Amino acid sequence: MAYDLGIDAGGTYTDSVLIQKSDGKVVCSNKAFTTYPDPLEGIKKSIDGLDPEKLKSVAVVSVSTTLATNTILESTGYPVGLILIGNYEIPSDSGIKNCIMVQGGHDSNGEEAAALDLLAVEKFVLEIRNRVSAFAVSSYFSVRNPEHELRVKTLIQELAGLPVVCGHELAQSLGAYERGVTAYLNAQLLPVAEGFLKTVVSEIESRGLNPRIAMLRCDGSVVSMHEALKKPIESVFSGPAASLLGASYLSGHETCTVIDVGGTSTDVSLIHKGLPHLSETGAVVGGWQTKVRALRMETSAMGGDSHIWVQRGNINIGPRRVIPLCRAAVLYPDFMSTLKKRWIPDRLKLDEHIQATKFFVRTGQKPASLSREEGELLALIGNKPLSLKDIYWDRNILPSKKVMGSLIQKRLVQVIGFTPTDALHALGEYTEWNAEASEIGATLLANFSGIDRQEFCLEVKQLFARNMAGDLIAFLMEGVDRTEIKKMLEGSFFARFKVDIPVVLLGGPVRAYVKELKQLIDAEILIPEYSNVGNAVGALAGKGTKRVEITVRTLYSESKYDLKTKGIFVYTPAGRRHFVIRSEALDFAEEFGKKLILDYMAESGLFPDQVTIRVDKKDIKVHAGEIPVETRFIFEGIANSDVYEKALSGQNEFDEGFKELSEQDSLLDVSPV
């Protein structure tokens with residue numbers, strides 16, 4: 001009997017599940033804490049809880065993770081240098097560091113708009129190469145001509161030897177700044193993705209297993225490990241995709257919406273007739289508009305482990321994830337005595353860091369470059385949780401938010417605090433860990449809010465449920481002002497939003513919020529069996545797909561009295577080609593698009609007759625009946641499910657990319673900067 005193993009590493013838990021190949025039924029599952037900052041121990045413990053005999057017969061391992069998504073939401077990505085080529089308008093509140101804008105770029109026809117200033121690029125790279133882990137490059141109209149991006153990439157590799165992500169490699173749609181943001185974010189995440197893949201490889205190999213390993217991508221498709229190694233950026237948003245596919249699989253509904261409550265975030269997405277609803281403009285994560293072709297989803301930085309803090313009597317949730325008090329009491333034996341000291345800070349000084357229920361502890365990660373203030377503060381923080389009062393017991397000042405925030409972002413300090421999970425423990429609705437710690441925390445925060453403990457926890461629970469409902473309605477009613485939705489959810493006792501398709505809930509204690517959700521929305525709300533490991537199931541439910549866009553554009557002379565064709569250009573992910581005859585350009589575009597699909601599928605062991613290619617052709621005309629000025633081809637290759645499964649499991653040895661990853665110490669420079 002053969003089995004498939006699905007693994008999902010979330011912000012709080014790492015889930016594993018075994019599915020029987022013959023009938024697709026879940027035979028066993030397990031959850032373990034995701035270990036921070038190295039996920040290896042969490043993955044190991046999660047797999048250890050599965051049937052050892054069945055593990056010996058695993059043919060395919062498919063993995064997904066929310067670690068990268070959480071990195072964006074928490075702003076803890078690795079430092080990156082961003083080079084924008086052309087005249088960009090950068091928002092003043094972008095928050096992008098280590099950025100330069102240089103002369104260069106192309107026009108909409110792929111012609112050079114300005115000469116590339118390589119001297120400015122060289123100076124910038126030499127200045128920051130020791131402070132960053134990778135570079136991102138985006139040039140104006142690089143989707144029409146990537147020449148300037150490629151020249152800069154070559155120069156950076158010669159000068160710094162660091163990974164470089166180019167905007168045209170990620171998306172073929174227009175939007176130069178958004179492509180730059182996408183390249184920037186994905187460059188930040190390269191060390192995160194590589195570290196995760198290395199961990200999975202080493203753990204599977206250490207067990208003497210010989211499966212083929214696949215990874216779920218952000219659009220719900222799966223890729224071989226070899227492809228994931230070449231472009232991990234296509235897999236970093238795979239967690240939400242896994243939840244969607246898993247919810248559909250477990251509930252038996254090919255059309256449904258999904259609310260996935262994780263430790264760090266809440267994700268809402270939609271599947272229709274078995275196909276994930278994809279974003280036309282690119283995924284929005286943590287307020288960043290990207291060009292990553294992914295699920296259309298509504299993501300908020302509010303999860304079960306989000307920090308709850310009070311200020312001026314108001315309850316705030318997030319955006320940072322912390323270790324819940326109830327869990328910290330189990331992880332750290334002396335924590336209860338620290339918590340029972342009941343430090344009461346000055347009400348006027350309360351902020352996100354100065355809280356009666358917030359504690360700090362080292363992660364164990366070795367520090368690299370630190371400022372004097374960071375070094376002094378880190379030296380005061382030990383391996384046991386301490387409040388700010390304990391850290392600064394002999395001083396009259398408290399550390400600045402900037403210094404503490406920097407240590408947290410560098411993953412040197414982990415935070416403990418009150419969370420929605422603690423509120424459920426204090427209410428007796430969830431009993432996974434130490435409820436007494438949650439009760440003490442709730443009492444302390446309730447005192448600052450002017451209400452009793454029970455009322456405080458119920459208010460936290462209601463606020464969390466309202467956020468879930470708000471995310472759902474904002475997703476389904478795209479374009480409606482979120483403020484108006486919030487008014488409706490907060491103010492009406494006699495009206496509810498109605499949702500006509502099932503709403504499937506995934507996540508640990510989601511059952512605790514069903515009553516509150518039904519008071520806010522009128523819908524069929526489902527919590528299927530194994531919903532607590534739905535992401536791991538979803539990691540196995542993806543299909544092998546590939547999407548390619550190619551544009552054929554006809555250029556004319558500028559004179560309106562003598563309209564003549566200047567040439568026909570074909571814009572592909574590999575660059576542009578010039579033709580004189582339109583029919584030849586169209587033939588080339590169609591043949592080349594199919595070739596790109598088949599070449600991609602061949603890397604997963606598929607032959608042409610095992611792949612179905614759909615071609616969507618759209619013409620843009622100025623007037624009806626005229627020759628189109630532009631023709632856009634969208635190629636989508638889909639592998640037959642059972643064929644793709646055989647391709648993944650057909651070899652008994654790891655592919656070269658797999659071996660290469662397991663044997664090397666690192667493919668990237670991932671040392672903290």
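Start with helix H5, where the buried residues (buried: under 20% relative accessible area, with a 1.4 Å probe and protein chains only) are His 148, Glu 149, Val 152, Lys 153, Leu 155 and Ile 156. Around the axis they cover an arc of only 165°, which puts them on the same side of H5; the arc is that of the directions from the helix axis to the C-beta atoms. The model is predicted, and local features need pLDDT of at least 70, side-chain atom pairs count only at pLDDT 80 or more, while totals for chains, interfaces and linings use all residues. Residues are numbered from 1 along each chain as its sequence is written, and side-chain values use heavy atoms, with hydrogens and water left out.

**Helix H5, residues 147-159**

Helices (H or I, at least four residues) and strands (E, at least two) are DSSP runs, numbered from the N terminus. Select the ends of H5: their C-alpha atoms are 19 Å apart, which agrees with the 18 Å that 13 residues should span at 1.5 Å a residue. The expected span is 1.5 Å times one less than the number of residues.

Now show what covers the buried residues of H5: the cover includes strand E5 (80-85), helix H4 (118-128), strand E7 (134-139) and strand E8 (164-166). Just after H5, select Gly 161, which takes a positive phi of about 65°.

**His 148**

Go back into H5 and select His 148. This residue counts as buried because its relative accessibility is 0%. Its side chain makes a polar contact with the side chain of Glu 112, at 2.8 Å. A polar contact is a pair of N or O atoms within 3.5 Å; within protein, one must be able to donate a hydrogen and the other to accept it, and residues adjacent in sequence count only if both atoms are side-chain atoms. Leaving aside neighbours within four places in sequence, His 148 has contacts (heavy atoms within 4.5 Å) that include Ile 85, Gly 104, Gly 105, His 106 and Ser 139.

**Helix H4**

Next select H4, in which Val 121, Phe 124, Val 125 and Ile 128 are buried. Seen down the axis of H4, these residues fall within an arc of 95°, so they line one face of the helix. An α-helix has 3.6 residues a turn, so residues three or four places apart point the same way. The buried residues of H4 pack against E5, strand E6 (99-102), E7 and H5.

Turn to the face of H4 away from its buried side, which carries the exposed residues Leu 119, Lys 123 and Glu 127; exposed means over 50% relative accessible area, and partly exposed lies in between buried and exposed. At the start of H4, a side-chain oxygen of Asp 117 reaches to within 3.4 Å of the backbone nitrogen of Leu 119.

Ala 120 is also in H4. At 22% relative accessibility, Ala 120 counts as partly exposed.

**The six-stranded sheet**

Now select E3, E2, E1, E4, E9 and E10: in that order, these six strands form an open sheet with mixed pairing. E3 and strand E10 (222-224) stand at the edges with a single partner strand each, so one side of each is left without a neighbour in the sheet. From one strand to the next, the twist averages 20°. Helix H6 (residues 176-206) packs on the sheet, touching strand E1 (3-9), strand E4 (58-65) and strand E9 (212-216), and its direction makes about 155° with that of E4. Angles run from 0 to 180 degrees between N-to-C directions, and axes are lines fitted to C-alpha atoms, for helices over the stretch in contact. Helix H8 (residues 238-251) also packs on the sheet, touching E1, E2, E3, E4 and E9, with its direction at about 100° to that of E9.

Zoom in on strand E2 (residues 13-20) and strand E3 (residues 26-33), which pair in the antiparallel sense over seven bridges; two strands pair if DSSP finds at least two bridges between them. Tyr 13 has Phe 33 in E3 as its bridge partner, and Ser 16 stands opposite Asn 30 in E3. Five residues lie between the strands of this hairpin, where Gly 24 takes a positive phi near 75°.
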